[in-house]
Amino acid sequence: MELPRTVRPLLIAALLALAGCATRPVNPPLTQVDQGKPYIIDRQGQTDAQRQNLVVLAFSGGGTRAAAFSYGVLETLRRTEIVVKTGQTVRLLDQVDAITGVSGGSFTALAYRLYGEKLFEEYEKRFLKRNVQGELIGRALSPLNWGKLGSTGWGRSELAADLYDEILFNGATFADLQRTDGPFIAVSATDITTGSRVVFTRPNFEIMCADLGAIRIARAAAASSAVPVVLSPLTLNNYGGTCGYRLPAWTQLFLNKSDPPRPAARAIKRLHELQSLGSATDEPYLHLVDGGVSDNLGLRSVLDIMETFEALREAGQPTPIDYVHRIVVFVVNSLSVPATTWQKSEDPPGSIPVLIKAAGVPIDRYSGEQVEQLRDMEARWKIVRQVRDSPAFAADKDPAMAFIKNAPNVDLYVIDVSFPALEDEAERGYLNQLPTTFVLKDEEVDRLRAAAAKIILESPDFRRLIKDVGARVVESPAMAH
């Protein structure tokens, strides 16, 4: 039965009243910080053998496509075992020290840290093979949420965070991730005001005098995947300057010298970004959007650490990873490049397609440069060590050659896990057409997972790593399946 027209406005008003207003979640401050903790990556639960290797996974953005592809990497490392020189058999997944995540990749990183082994029972049905995008749209269009969406500071990203809590994270906070086992997780968003990265890690939040442990990880995932315009910025409070925080002593090598050790340009820029967060007077609020805006691969944090390590070594300073012999970085890049026919037409594309493409091209191009920077670093370290170890080199005769004398004694391996690495042209074309959304068909999810396994196991860089460590891969029945 159709309602009378005079009743409809009353019904809408009643629904809005029922929905009511919402209060933005306010992250609490820290009153005091532990000045004894250095600003470095936390490595937990390491055996002596593991301490010699630093293994990092960098999960890119890309919606469910990125979440599924990065999940396929975890599955592959979980079922891939290697036999090391001692005869011991170890799973590659257990060797992972750190995972960075951006946008869609942040869901996989956070969920793995929260669930551990249970992830492989839960993630597929609770997130990957679910129409998350449809549920988000449905909630945004529901009159029951209109009152909340009209509240100050409570936008579509808070609505998304509540959904992510219900379907995946169960209200967990960063305090729930503080276990002694499992890898260190660093997911990032972008401060739309300054364009700088905001990484959800303890050191970054201590600078802001903000209690990271009290923040729901669903809000971090929502901030990291808050595509501008489509989703609203997510707001955090900055209390910088109220808890007595001081940057660690080693940072003064970069900040207080006219000629800091090189290469330190990236480290200096990042430290200045962090310093700007140390004043709540200047920036009391951070409005966060998709982490892909500032770093779509999650590699900038990795580059920061590598270049800081190199600069400290050049200055003759001890570093927390001096004992590491190998650094292995899996760059898990789910970037897709759908084919167009624009170049075959005299008429240019329309405004909306151009806008979408223009927003993505700089991010895509910069992402590729980051991988090349890592490879350049790999080559530089190798060449400098060769010079240092040559009979003709004598560092004590020329102080300017200290950067060679102190060259990192580390082998760096960069393993590219991306669609172009697939030899199958048809499969590569199929994956490149998958959209950046939070809904994919079950078959699409499964083919992304399978592609991740194929790329890793056939990667020349991965095979070189296995050979160099004197190991061999064990192909178990689960792996063959």
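Q: How many helices and strands are in the protein chain?
A: The chain has 19 helices and 11 strands. Keep in mind that this is a predicted model.

Q: What share of the residues is buried?
A: Buried residues account for 50% of the 481 in the chain.

Q: And the accessible surface, what does that come to?
A: About 22,700 Å² for the protein chain. Carbon and sulfur atoms hold 55% of that surface.

Q: What about contacts, how many join residues at least 24 apart?
A: Take the contacts between residues at least 6 apart in sequence: 80% of them join residues at least 24 apart.

Q: Switching to charges. How many salt bridges are there?
A: The structure holds 26.

Q: Which residue does R449 pair with?
A: R449 forms a salt bridge with E75, and the closest N and O atoms are 2.7 Å apart. The two come from distant parts of the chain: R449 sits in helix α17, residues 442-458, and E75 in helix α3, residues 63-79.

Q: Is R449 buried or exposed?
A: R449 is buried, at 14% relative accessible area. E75 is buried too, with a value of 13%. Both count as buried because the cut-off is under 20%.

Q: What does R91 meet in a salt bridge?
A: The side chain of E117, at 2.7 Å from N to O. R91 belongs to strand β3, residues 89-91, while E117 is in the loop between α4 (104-115) and α5 (119-128), so this pair ties together parts 26 residues apart in sequence.

Q: How accessible is E117?
A: E117 is partly exposed, with a relative accessible area of 34%.

Q: Back to α17. Which residue does K454 bridge to?
A: K454 forms a salt bridge with E458, with 3.0 Å between the closest N and O atoms.

Q: Why are K454 and E458 separated by about one helical turn?
A: Because they are four residues apart in helix α17.

Q: Are K454 and E458 buried or partly exposed?
A: K454 is partly exposed at 42% relative accessible area. E458 is partly exposed as well, at 34%.

Q: New topic, aromatics. How many aromatic pairs does the count give?
A: It comes to 14 aromatic pairs. One of them is F107 with F438, an edge-to-face pair. Their ring centres are 5.5 Å apart, with 70° between the planes.

Q: Where do F107 and F438 lie?
A: F107 lies in helix α4 and F438 in the loop between α16 (425-432) and α17, so the pair ties together parts 331 residues apart in sequence.

Q: Buried or exposed, those two?
A: F107 is buried, at 0% relative accessibility. F438 is buried at 10%.

Q: Which residues do ring pairs link into a cluster?
A: Y71, F107, Y112, F120, Y123, F127, Y164, F169 and F438.

Q: Which residue lies over the face of Y430?
A: R447, at 3.4 Å from the ring centre.

Q: How many disulfides are there?
A: The count is one disulfide. It joins C209 to C243, with 2.0 Å from S to S.

Q: What is the torsion about the S-S bond?
A: About -75°, so the disulfide is left-handed.

Q: Where are C209 and C243?
A: C209 lies in the loop between α9 and α10, and C243 in the loop between β7 (234-237) and α11 (252-255), so the pair ties together parts 34 residues apart in sequence. Both cysteines are buried. For C209 the relative accessible area is 1%.

Q: What is the phi of C209?
A: It is positive, about 55°, although C209 is not a glycine. Most residues other than glycine have a negative phi.

Q: And N170, what phi does that have?
A: N170 has a positive phi of about 55°, and it is not a glycine either. N170 is in the loop between α8 (156-169) and β5 (184-191).

Note on methods:
Residues are numbered from 1 along each chain as its sequence is written. Side-chain values use heavy atoms; hydrogens and water are left out. A salt bridge is a side-chain nitrogen of Lys or Arg within 4 Å of a carboxyl oxygen of Asp or Glu. Buried means under 20% relative accessible area, exposed over 50%, partly exposed in between (1.4 Å probe, protein chains only). Contact means heavy atoms within 4.5 Å. Accessible areas come from the Shrake-Rupley method with a 1.4 Å probe; for residues, only the protein chains shown count as cover. Rings of Phe, Tyr and Trp (its six-membered ring) pair if their centres lie within 6.5 Å; planes under 30 degrees apart count as stacked, over 60 as edge-to-face and the rest as tilted. A charge sits over a ring if NZ of Lys or CZ of Arg is within 6 Å of the ring centre and within 35 degrees of the ring normal. A disulfide is a pair of cysteine sulfur atoms within 2.5 Å.
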